[in-house]
Amino acid sequence: MIGTPRVHFRLTDSTNERARSLAASGAPHGTLVTADEQQTGRGRQGRVWTAPPRSAVLMSVVLRKLSDALPLAAAVAVSEAVPLETKIKWPNDVWVDGRKVAGILVEGRPQEGWAVLGIGLNVTTEEFPAELHATSLRLAGASLSPADALASVVDSLRVWLPRPRDEILTAWRSRDALLGRTVRWANGSKEGVAAGVDSSGALIVETRDGRVTLDAGEVHLER
């Protein structure tokens with residue numbers, strides 16, 4: 001059961017770090033780590049994830065039932081948990097009105113049979129670092145507390161993580177924020193038009209030189 005047992009911190013370095021430590025020590029599938037505040041939370045590409053105390057969902061889950069569809073399923077689950085119209089920026093940033101409201105980071109050691117799913121969801125967050133003002137958003141107007149949002153995300157993960165890949169892909173594709181949009185990658189040196197994701201979850205991009213697929217890394221939307 002996702003969410004049981006639960007370990008909560010008023011202040012920690014990173015919920016992913018705490019969950020990784022628990023996983024390495026044998027914590028069971030579904031163990032949930034949450035925090036009111038974290039000092040060194042991180043997102044994809046080594047970015048820092050910051051939020052004032054008790055303003056966001058800061059959570060990590062120990063998983064021992066692994067799937068390569070996990071990042072896609074997690075993005076769909078968080079999208080379903082948000083009571084607003086959402087889109088997903090490949091591979092798993094959740095957007096509302098073109099701005100990021102949630103980020104997802106999957107880490108782990110598959111060879112040891114575990115992974116950690118980290119989720120940060122802005123709920124009542126009002127202060128963002130200057131570099132994130134134009135791209136981050138809170139759930140303004142959603143009438144949702146961080147505690148309610150956490151419960152909603154956990155419930156949604158219970159539903160979506162075990163779903164078949166084809167259902168996950170269909171749900172993910174219906175929220176594709178990049179479809180038909182110009183994107184750049186490789187430090188802006190390459191450009192093309194996003195054309196959806198393939199059955200593995202890799203991003204398909206149409207370029208002047210033909211179709212390419214990106215199975216890792218990050219792309220930037222040409223705004």
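Helices and strands here are DSSP runs, numbered from the N terminus. By that count, leucine 179 sits in the loop between α4 (165-173) and β8 (182-185). The model is predicted.

**Leucine 179**
- Leucine 179 is exposed, because its relative accessible area of 52% is over the 50% cut-off.
- Leaving aside residues up to four places away in sequence, leucine 179 touches Ala194, Ala195 and Gly196.
- Isoleucine 204 is 25 residues away from leucine 179 along the chain, and their C-alpha atoms are 9.4 Å apart.

**The five-stranded sheet**
- β8 belongs to an open sheet of five strands, ordered β11-β10-β9-β8-β12.
- The pairing in this sheet is antiparallel.
- β11 (210-214) and β12 (220-221) are the edge strands, each pairing on one side only.
- β8 and β9 (residues 190-197) run antiparallel and are joined by four bridges.
- Threonine 182 has valine 193 of β9 as its bridge partner.

- β7 spans residues 114-122, and nine of its nine residues are buried.
- In a regular strand, side chains alternate between the two faces of the sheet.
- Trp114, Val116, Gly118, Gly120 and Asn122 point one way from β7.
- Ala115, Leu117, Ile119 and Leu121 point the other way, and they too are buried.
- β3 (residues 56-63) runs antiparallel to β7, with eight bridges joining the two.
- One of the bridge pairs sets leucine 63 against alanine 115 in β7.
- β6 (residues 99-109) also pairs with β7 in the antiparallel sense, over eight bridges.
- Leucine 105 stands opposite glycine 118 of β7.
- β6 and β7 make a hairpin with four residues between them.
- Glycine 113, in the turn of that hairpin, has a positive phi of about 85 degrees.

**Helix α1**
- α1 covers residues 15-24, and its buried residues include Thr15, Asn16, Ala19 and Ala23.
- Viewed down the axis of α1, the buried residues fall within an arc of 95 degrees, so they line one face of the helix.
- An α-helix has 3.6 residues a turn, so residues three or four places apart point the same way.
- The buried residues of α1 pack against β1 (6-12), β2 (32-38), β3, β6 and β7.
- At the start of α1, a side-chain oxygen of serine 14 comes to within 3.2 Å of the backbone nitrogen of asparagine 16.
- Glycine 26 follows α1 and has a positive phi, near 100 degrees.

- In soluble globular proteins, nonpolar side chains tend to be buried together.
- The largest nonpolar core has 50 residues, of which Met59, Leu121, Leu157 and Leu203 touch the most other members.
- Helix α2 (residues 70-81) supplies the largest share of this core, nine residues.
- Apart from this core lies another, of six residues, among them Ala19, Ala23, Trp114 and Val116.
- What does leucine 157 touch, not counting residues up to four places away in sequence? Its contacts are Ile2, Met59, Val61, Ala74, Ala77, Leu117, Ile119 and Pro162.

Notes
Residues numbered from 1 in each chain as written. Predicted model: local features only at pLDDT ≥ 70, side-chain atom pairs only at ≥ 80, totals over all residues. Heavy atoms only, no water. Buried < 20%, exposed > 50% of the residue type's maximum accessible area, 1.4 Å probe, protein only. Contact = heavy atoms within 4.5 Å. Core = buried A, V, L, I, M, F, W, Y, C linked by side-chain atoms within 4.5 Å. Pairing = 2+ DSSP bridges. Arc of directions from axis to C-beta. Polar contact = N/O pair within 3.5 Å; in protein donor to acceptor, adjacent residues only side chain to side chain.
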